[in-house]
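Please keep the sequence and the 3D view open while reading.

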Amino acid sequence: MIGKDIIMARQQYKVGTSINNLLSSGQILLSIILILVDFSNSSITCGPGIYSPGGTIPSGDIFLEYNSSTPLEITCILNPDHDLLRKMVRDDVADGNKSKLPSHRIRFYKNDGRVAQQYITIINSTAAQLRVSNPPASFDVYSCLLCLDENDNSVDLFKTSDMSSINMALRNSINTIGYHPKDSHDLDIGVCLNNVFVGYKPLNITNFSCVSNNWENLTCNWTKPENPIKTTYKIYFRLPGRAFSRSFTNCPTDSDVRENSCYWDLTTTPLYRQSYEYYYFSITGENALGKSSMPIRFHHYANIIPTKPTKIAAIDQTESSVKLVWSIGTMSFYSHGLVYKIQYKSQWDSNPEHWQTIIVNDKCNSQSTSLQTTSVQNMNCVEHDADRHHFTVSGLKYPFARYDFRIYLRTALAGGDNKWSAPGYITVNTKPTIPKRPPQTDIGSFQSITSPSDKSKRDVLVYWKTIEDNEKCGESFEYIAYYVYTTADKLTITRRSDEMYKNYAKFNRLSTSIGYEFIVLSYNKEGYSTECSKVYVPSESNTLDKPLSLTKNVFDKQGIFELTWKGADTQKLSTATSLDYYTLFWCEKDLINSQQCNGYMNWMHLPITVSRYNTTVFDNMEKYIFAISANSENPSRYGLNNLEASSSGMVWES
């Protein structure tokens, strides 16, 4: 039965209203072991039905406002009628120690540490007071204990037949929770305790924010300030207008108290009011020190975050435009203005993270000069028919290209990038068209090879710089090369190349005594490029002498090397024309024939006075071979205006 008495004592021991909270929190297993007996005749008590040597004034929980000049004062009063106190006094008298008052045995503890004696004042023979003039903001448990010496005969009170087991539990519990002093000869007996809260009157909440999700519900959240004193916050709102001017509506549930948030929708009571642009909130706080009220004017329509557009489709594509169509659901009923952000990028954009941006309104008569974004096109408007909204994105750079689009929306009254909806996505291909341009040629981008068996015949190779993939603009892309020759009797002869490669065409067994004009075009299934490139290959008699001994001297394996050559001593020109410049070519090698170019080609022009050139190839230098030509007159990007201009043609490095 003794064990059951201890359990009952633990369950029924209360100080004010806070002891249960202390026990449930697990902070202290049992700060003071007290024994439940009949204590109805005692005038000094720690609490109803609690048998202890005394009590504290004030009793129960203590609440103080921090920095308010109000000191913390706890008076511990011993009960002289308690059996322990009567026995203690009798023993002191018997021992001749009449000067040792029971109040001298009172100790105060703050949580697990003993309070310094400087804060303790002896009031009388049975009372001592703890006084802290300006306690810090905190929550602490202050305990009053009575110190008994192990050799004191008063301890025998706890060694009687029925009390011996209770005394052992008492001593073990005191040792466990840390209230037994280091001196093993002392035994602290619990008198009473107080939960002390030093804090603030209700402070204003922070980080208040409300968001309407797709204009279908409203959620408000806030941060409750730190306060050692438990403070309860509740949210209320009223709506503008005479009917609502004095009527505040509370949160549908107690989530404002429990979770610092509140939620309204069209099914809650009260329900979410979609049609009001402003809400007037009041956040009230209440604790043991007082009450507070914080008014907040909330701009409802500036804090709606729509859901992403759905049912996105593309219609009426051209080579440079796409008409997008989408739905916005509930937001189609919102009549206070929407703004759309349409972003796109193509497969050919060099920076895959960069999106072109267009900002558009949903009202064609709206003018907005405040919406500025990098890479933003001119403001336009989105047309709509019921829930179907559509807008044409024009000025797209690349035909026959894959474009990724994403569409956001927000209310016209919202500001900041955090109020956009999530994006809706679609991928669209623009329509094909004819190639944008022909490949580029140079005055000397040809090679003439005389037949060893028939000196009147030659093979001619015409080279060009290939166009970019994003300029091909359609399927079945290829280059077309042919020559045009006008006979003496004004008959025009046209002939396609005999062989076609990536960046050159080969014409077999042409006459060495005739000059030919070669035409190069780009072609796909949509047609030919509107422009063409031209290369004039003069007759052998009008061809300039080739530069001699083009040599590549490698300095290191990082791609740094020197090209040197010698100029021809004589010129074979029908008229006296000085040699003007050189063209230095570099080209990727053919994978099979390493002495032949068949890939990326580029060139540069050098003065005729130069005979050496240092250069660097940043990728693998073994991929490239070099050539040089000597030229007269000035080059033309897309051909020659003067067909009497002449070149030696290309001489490859030895």
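A disulfide is taken here as a pair of cysteine sulfur atoms within 2.5 Å. The model is a predicted one, in which local features need pLDDT of at least 70 and side-chain atom pairs count only at pLDDT 80 or more, while totals for chains, interfaces and linings use all residues. Residues are numbered from 1 along each chain as its sequence is written, and side-chain values use heavy atoms, with hydrogens and water left out. The structure holds five disulfides.

**Terms**

- Helices (H or I, at least four residues) and strands (E, at least two) are DSSP runs, numbered from the N terminus.
- Buried means under 20% relative accessible area, exposed over 50%, and partly exposed in between (1.4 Å probe, protein chains only).

**Disulfide Cys-251 to Cys-262**

- The sulfur atoms of Cys-251 and Cys-262 lie 2.0 Å apart and form a disulfide.
- This link of Cys-251 and Cys-262 is right-handed, with 110° about the S-S bond.
- Cys-251 sits in the loop between β13 (249–250) and α5 (255–259), and Cys-262 is in strand β14 (residues 261–265), eleven residues apart from it.
- Both Cys-251 and Cys-262 are buried.

**Disulfide Cys-210 to Cys-220**

- Cys-210 and Cys-220 are joined by a disulfide with the sulfur atoms 2.0 Å apart.
- The S-S torsion of Cys-210 and Cys-220 is about 110°, so this disulfide is right-handed.
- Because Cys-210 lies in strand β10 (residues 206–213) and Cys-220 in strand β11 (residues 217–223), the pair ties together parts that are ten residues apart in sequence.
- Cys-210 and Cys-220 are both buried.

**Disulfide Cys-46 to Cys-192**

- Cys-46 is joined to Cys-192 by a disulfide, S to S 1.9 Å.
- The torsion about this S-S bond of Cys-46 and Cys-192 is about 80°, so the disulfide is right-handed.
- The pair links distant parts of the chain, 146 residues apart: Cys-46 is in the loop between α2 (19–25) and β1 (54–57), and Cys-192 is in strand β9 (residues 186–199).
- Cys-46 counts as buried at 4% relative accessibility, and Cys-192 counts as buried at 0%.

**Other buried cysteines**

- Cys-147 is buried, with a relative accessible area of 8%.
- Cys-473 counts as buried at 2% relative accessibility.

**Open sheet**

- Four strands form an open sheet in the order β18-β19-β24-β23, with antiparallel pairing; two strands pair if DSSP finds at least two bridges between them.
- The edge strands, β18 (310–315) and β23 (383–385), each pair on one side only.
- β23 pairs with strand β24 (residues 388–393) in the antiparallel sense over three bridges.
- Arg-388, in β24, is the bridge partner of Asp-385.
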